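Please work through the exercises below with the sequence and the model at hand. Each task is followed by a solution in steps.

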Amino acid sequence: MKELAGRLSALDPDAGAAVRVIAYFDTLADARAGLEALVRGAAVLAGCPARLVDAGRRAQVRVEPDGRRQDSDRAPDPAWPCAALEPGGIPALWLERDGSGERSVVDAVILERAAGALRVVLDRTRGRAPVSPADDPALVETVLDPTATERARLHAARRLGLDPDDPTTRARAFAPLGGRPGILSAPAGAGLPAGRVGVGPAVPLLGLPGSWEGARTALRFTAEGTAQDPGERVVHADDLGGLALLAQLIAPGSEPPPDVRDLERAAADSPWMLATLQAVASTASLRAAATGINVHHSTLQDRLAQAETLLGWPVRTPRGRLRLQLALTMRHLARG
């Protein structure tokens, strides 16, 4: 190949340079070079910065012509010479040079050979990331399974578009009521399904089985958000703190503790009871509780007097309010 490049260079410098580019990327491919090495090769050969942006597989690498990696959030200029990783696909590899003139033969070969090598690496290491992690339940279950091998979990994580090679990567598992488990890149927020959902803590990828356990625990603390089942529909395990220990003490479907039975008895007396007590337990003051349920402060006081009679303990003292908070929480945990 070197001899051929030399002969071609004597006849046509561009043709000789193109052959050297082909040989260079063939060598990198044979050595199973990674994404950064391939983008670096494109930058050094082209003499200008090269950039890979594959949003579908969350790959973004930018390298200066001196070989230094220097990523940028600036959008690629459509005028730069570029290439897609797939036939007919959108541009994903750019050479950051003025593209107003005719593209050189050498640039075209650099882009073609580098794009082909990058596609092979991405298919091997990251596969095709689904639109949402929940769209590939088998991969999600593998990542969350503590009995699966580390290798299998890391491979599944890559297929989901997560990057195990980045030490800063964090993700959360979430557990929807009656739905399939899912994974979100941290920080969590967008992407949760509607309804009751427990969200686990943000952890490194190999810690996702533990996050899944936390998500399932958090789910038990959720509520429908209705008058008969007031409370939060989405609960994060990070926010539970020591309350999570209650989940170990109260099994689903177990005999409710006495305070929970008192709550149920009071709820049967008045349809407004649970929503009113939830407002008192979850707001900073009685006035804020009255505003939250849209009643006058004096009406709230009358309701609480009736509630205290039915419950058998005060709810307007610090200790009584804590007891009420625990009773409402244990009510969620005790249900089947």
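This is a predicted model: local features need pLDDT of at least 70, side-chain atom pairs count only at pLDDT 80 or more; totals for chains, interfaces and linings use all residues.

Residues are numbered from 1 along each chain as its sequence is written, and side-chain values use heavy atoms, with hydrogens and water left out.

**Exercise 1.** State the average pLDDT of the protein and identify stretches where pLDDT stays under 50.

*Solution.* Begin with the term: pLDDT is the predictor's confidence in each residue, from 0 to 100. The protein has an average of 86, and 89% of the residues score at least 70. Next, pLDDT stays under 50 over residues 1–12, where the model has 13 contacts (heavy atoms within 4.5 Å) beyond four places in sequence. It also stays under 50 over residues 129–134, with 14 such contacts.

**Exercise 2.** Determine how strand 4 is paired and whether its residues are mostly covered.

*Solution.* Strands here are DSSP runs (E, at least two residues), as helices are (H or I, at least four), numbered from the N terminus. Two strands pair if DSSP finds at least two bridges between them.
- Strand 1 (residues 50–54) runs antiparallel to strand 4 (residues 91–95), with three bridges joining them; L52 has L93 as its bridge partner.
- Strand 3 (residues 82–84) also pairs with strand 4 in the antiparallel sense over three bridges, and A83 stands opposite L93.
- The hairpin of strand 3 and strand 4 has six residues between the strands, and G88 takes a positive phi near 80° there.

**Exercise 3.** Describe the packing of helix 10 and helix 12.

*Solution.* Axes are lines fitted to C-alpha atoms over the stretch in contact, and angles run from 0 to 180 degrees between N-to-C directions. Helix 10 (residues 273–282) packs on helix 12 (residues 297–311) at about 105°, with axes 11 Å apart. Helix 10 is therefore roughly perpendicular (65 to 115 degrees) to helix 12. Helix 10 contributes M273, T276, L277 and V280 to the contact, and helix 12 contributes L300, R303, L304, A307, L310 and L311.

Notes. Buried means under 20% relative accessible area, exposed over 50%, partly exposed in between (1.4 Å probe, protein chains only). Angles under 35 degrees count as roughly parallel, over 145 as roughly antiparallel, 65 to 115 as roughly perpendicular and the rest as oblique.
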